[in-house]
Amino acid sequence: MRYSGTSSIESVASKVLHADELSAKAEALRADQAENAPSEDSGAKAAKACLETFESLYRISIPLLRCLSQGNATVLLYLDTHKHDTSAVRIAEEVGLTRPRITQIIDDLEEQGLAKRVKDPHDARKIRVTITRKGKKLVAGTRQSFQKIIEDYGAVIGQDQLEELTGILNETYALLQELGQVDA
């Protein structure tokens, strides 16, 4: 799924987040709960506060990934979680970057020893990209750092709050699966 600089936010959200289907589902739920639901204004305020929180968390997490560009980190994480079709074409489609940009990223990751190109064992004409041990070690270290930060937040906000947040995020992920955005 590739998007140009001229793609509208609405069209990207519609494709990536299935925003139209989500909106229809939300409207149906709002209609069912109209008499007991808080005002739409409070829902909009809560959504804005949630977005601001996600943006803040993203901003403070960037230093953990400073050793890699955003594109390199995205491709490295993709390689770590996808073992099968890891051709440059497939990676470009999945992460939404152009083939030339993916080629640059793969070259850079190879230069750093984080990924390598290998012949496909099933089709010698194809080249796959795989993550190296060094790349896996970097990803594992980054995950450990994030896990420690989340553990610390849990200690500060309370384990119950952290578990509630995890439940909400799991429900959100399940909804994305239901809408067909992520694999089940």
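## Core and surface features of a predicted model

Thr130 has a relative accessibility of 18% and therefore counts as buried, since the buried class lies under 20%. The model discussed here is predicted. Thr130 belongs to strand E2, which covers residues 127-131. Leaving aside residues up to four places away in sequence, the contacts of Thr130 are Leu79, Leu114, Ala115, Lys116 and Val118.

The largest nonpolar core comprises 17 residues, and Val75, Leu79, Ile91 and Leu109 have the most contacts inside it. Two or more residues of this core come from each of helix H4 (70-81), helix H5 (88-95), helix H6 (99-111) and E2. The most is given by H4, with five residues. Leu79, one of the residues with the most contacts inside the core, is also touched by Thr130.

Leu109 touches Leu68, Asn72, Val75, Leu76, Leu114 and Ala115, again without residues up to four places away in sequence. Among these partners is Val75, itself listed with the most contacts inside the core.

Phe54 is placed in helix H3, residues 40-61. Its relative accessibility of 46% is why Phe54 counts as partly exposed.

The two residues with an accessibility class are set out below.

| Residue | Relative accessibility | Class |
|---|---|---|
| Thr130 | 18% | buried |
| Phe54 | 46% | partly exposed |

Key:
Residues are numbered from 1 along each chain as its sequence is written. This is a predicted model: local features need pLDDT of at least 70, side-chain atom pairs count only at pLDDT 80 or more; totals for chains, interfaces and linings use all residues. Side-chain values use heavy atoms; hydrogens and water are left out. Helices (H or I, at least four residues) and strands (E, at least two) are DSSP runs, numbered from the N terminus. Buried means under 20% relative accessible area, exposed over 50%, partly exposed in between (1.4 Å probe, protein chains only). Contact means heavy atoms within 4.5 Å. A nonpolar core is a set of buried Ala, Val, Leu, Ile, Met, Phe, Trp, Tyr and Cys residues joined through side-chain atoms within 4.5 Å.
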